[in-house]
Amino acid sequence: MSFVCKHCKKSYLKESTLLAHLCEPKRRWQQQNETGVQLGFKSYLKFYEVSQGSARLKTYEDFASSPYYSAFVKYGRHVTAIRCINVSNFTNWLLKNNKKLDHWCKEILYLEWLSEYMKKEAVQDAIERALKEMQDYADIDPKLQNNFNNYFRLGSGNRIVHHISNGRISPWIVFNCASGIDFLSSLNEEQLAMIMPWIDPDYWQRKFTDYAADTEWVKDILQKAGL
């Protein structure tokens, strides 16, 4: 009697040997519920939807045996590691702009997309992401006393600069609350230089004027939140 791996069809004399066996197809099957793998799978489906008009018949089994598996999983793990603020939109942008799959993990592409995305994303998405980021930070930094409304007042300047420059905190928030304005005035030249491409005051002031109702709505929310 032999024991056969259902993934690679290799046979073994002992069941214990089969259980200890880990071929590449089996490893891929075991990893299917990992966040990075799932994001890679969704991106694979989107790729076929865009390139062939449909991905209805594609299964995880198809994905696991695809020559594109490693590249898409690498991408899925990459967007997880960098905490991409909108994976679906970023993936669509990469496909729409015909970016080579092997280049999807390059920082320059993410920054190019991020610069465009932050200027046109829905204001509700920007608010929700920022408030969650603030509360997550308040939960781990004792100086904020578990209160996100201390974010700009008591948070680390360098940490907040990082949040702004990677899109977690939108100019919708920075420019439309008193503590955000005070924070900007407290920054040194180096810190300002880091965030200036992301907050582009001239662009955003025009946007706030053009979308006056949204701007007043944001100001009201942030004021009530104590920011």
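The model is predicted. It contains 28 aromatic pairs. It has zero disulfides. Helices α3 and α5 cross at roughly 120°.

**Aromatic pairs**

- A pair of aromatic rings is described by how far apart the centres are and by the angle of the planes.
- The count of aromatic pairs comes to 28. One of them joins Tyr-68 and Phe-72, with 6.4 Å from centre to centre.
- The planes of Tyr-68 and Phe-72 stand 85° apart, and the pair is edge-to-face. That label follows because planes over 60 degrees apart count as edge-to-face.
- Tyr-68 is partly exposed, at 35% relative accessible area. Phe-72 is buried, at 0%.
- Another pair links Trp-172 and Phe-208, with centres 5.2 Å apart. The angle between the planes is 55°, and this pair is tilted.
- Trp-172 belongs to helix α11, residues 171-174, and Phe-208 to helix α14, residues 201-210. The pair therefore ties together parts that lie 36 residues apart in sequence.
- Both Trp-172 and Phe-208 are buried.

**Charges over rings**

- Lys-58 lies over the face of Tyr-48. The distance to the ring centre is 4.4 Å.
- Lys-119 places its charged end over the ring of Tyr-203. Here the distance to the ring centre is 4.8 Å.

**Cysteines**

- The disulfide count is zero. A disulfide would need a pair of cysteine sulfur atoms within 2.5 Å.
- Cys-84 has a relative accessible area of 12%. It counts as buried because that value is under 20%.
- Cys-177 is also buried, with a relative accessible area of 6%.

**A helix crossing**

- Helix α3 spans residues 35-52, and helix α5 spans residues 69-81.
- The axes of α3 and α5 come within 7 Å and cross at roughly 120°. That angle makes α3 oblique to α5. The reason is the cut-off: 65 to 115 degrees counts as roughly perpendicular, and only angles over 145 count as roughly antiparallel.
- The crossing of α3 past α5 is right-handed.

- Most residues other than glycine have a negative phi.
- Arg-83 is not a glycine, yet its phi is positive, at about 55°.
- Arg-83 is found in the loop between α5 and α6, the latter covering 87-96. Arg-83 is partly exposed, with a relative accessible area of 37%.
- Asn-98 is not a glycine either, and it has a positive phi of about 55°.
- Asn-98 sits in the loop between α6 and α7, the latter covering 107-120. Asn-98 is exposed, with a relative accessible area of 69%. The label applies because exposed means over 50%.

- Ile-164 lies in helix α10, which runs over residues 157-165.
- Ile-164 is buried, with a relative accessible area of 1%.
- Ile-164 and Ala-130 are 34 residues apart along the chain. Their C-alpha atoms are separated by 9.6 Å.

Terms used. Residues numbered from 1 in each chain as written. Predicted model: local features only at pLDDT ≥ 70, side-chain atom pairs only at ≥ 80, totals over all residues. Heavy atoms only, no water. Phe/Tyr/Trp six-rings, centres within 6.5 Å; stacked < 30°, edge-to-face > 60°. Buried < 20%, exposed > 50% of the residue type's maximum accessible area, 1.4 Å probe, protein only. Helix = DSSP H or I, 4+ residues; strand = E, 2+ residues; numbered from the N terminus. Lys NZ or Arg CZ within 6 Å of the ring centre and 35° of its normal. Axes fitted to C-alpha atoms, helices over the stretch in contact; angles between N-to-C directions. Parallel < 35°, antiparallel > 145°, perpendicular 65-115°, else oblique. Left-handed = near helix turned anticlockwise from the far one by under 90°.
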